[in-house]
Amino acid sequence: MTQEYHTVDICGLTRHLPLFEVAPKVRIAIFNMLGDTEVVEAIADALAKRVPTDVDALMTAEVKSIPLAHALAVRLKRPYIVARKTRKPYMVGAMSVEVLSITTGAPQTLWLDGKDMGLVQGKRILLVDDVISTGSTLAGMRKLVAEAGGTVVAEAAAFTEGNDPEQWKHIIAIGNLPVFLG
């Protein structure tokens with residue numbers, strides 16, 4: 001079978017995203033910005049013009065959105081926090097929440113390292129993700145921020161995903177990726 005692609009314009013850059021079946025007769029376009037510095041920089045430039053600038057820190061979940069969170073944090077001159085997907089031995093005083101990932105189809109845990117608590121407690125946080133499909137990762141990050149005593153003030157992503165973009169109108173994103181049925 002020949003690989004099919006969905007072509008997108010990302011801030012003036014053309015990329016061909018491979019289609020991947022996530023359920024019978026349901027395919028999504030896989031966006032992976034890891035290593036694509038041109039795309040990361042373009043998206044960070046675009047989002048920096050649209051996100052609130054009065055945030056204290058950014059939070060993202062590992063792995064694929066880390067380059068975007070970093071680039072956006074540089075532009076906003078703010079630190080960023082990575083919600084880890086596994087607990088590392090060096091993490092002291094960590095807290096966790098469980099989420100269901102559409103990518104893996106299984107529950108996963110998000111961890112906030114104790115060293116990052118001070119960046120969240122009493123602070124205004126901007127959540128950053130690569131693609132928002134179901135919102136479960138965002139929900140997990142929201143819960144981490146709340147349990148650590150912070151406040152989520154906005155949510156941003158490279159893309160939202162789904163055939164009803166209105167469901168994500170509160171997300172600051174550069175575009176929406178359709179879900180391919182049939």
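Helices, in the sense used here, are DSSP runs of H or I with at least four residues, numbered from the N terminus. In this predicted model, the place of Ser136 is in helix α4. The surroundings of that helix begin with a sheet.

The sheet is open and consists of 5 strands that pair in parallel, in the order β5-β4-β8-β9-β10. Its edges are formed by β5 (80-83) and β10 (172-177); each has a single partner strand, so one side of each is left without a neighbour in the sheet. From one strand to the next, the twist averages 25 degrees.

Within this arrangement, strand β4 (residues 57-61) pairs with strand β8 (residues 124-132) in the parallel sense, over 4 bridges. Leu58 has Leu126 in β8 as its bridge partner.

Two helices pack on the sheet. Helix α2 (residues 66-76) touches β4, β5, β8 and β9 (151-161), and its direction makes about 175 degrees with that of β4. Helix α4 (residues 136-147) likewise packs on the sheet and touches β4, β5, β8 and β9, while its direction makes about 165 degrees with that of β8.

The account now returns to Ser136, which lies in helix α4. Is this residue buried or exposed? Its relative accessible area is 18%; because buried means under 20%, Ser136 is classed as buried. The side chain of Ser136 is also joined to that of Thr134 by a polar contact of 3.2 Å.

How values were computed:
Residues are numbered from 1 along each chain as its sequence is written. This is a predicted model: local features need pLDDT of at least 70, side-chain atom pairs count only at pLDDT 80 or more; totals for chains, interfaces and linings use all residues. Side-chain values use heavy atoms; hydrogens and water are left out. Two strands pair if DSSP finds at least two bridges between them. Axes are lines fitted to C-alpha atoms, for helices over the stretch in contact, and angles run from 0 to 180 degrees between N-to-C directions. Contact means heavy atoms within 4.5 Å. Buried means under 20% relative accessible area, exposed over 50%, partly exposed in between (1.4 Å probe, protein chains only). A polar contact is a pair of N or O atoms within 3.5 Å; within protein, one must be able to donate a hydrogen and the other to accept it, and residues adjacent in sequence count only if both atoms are side-chain atoms.
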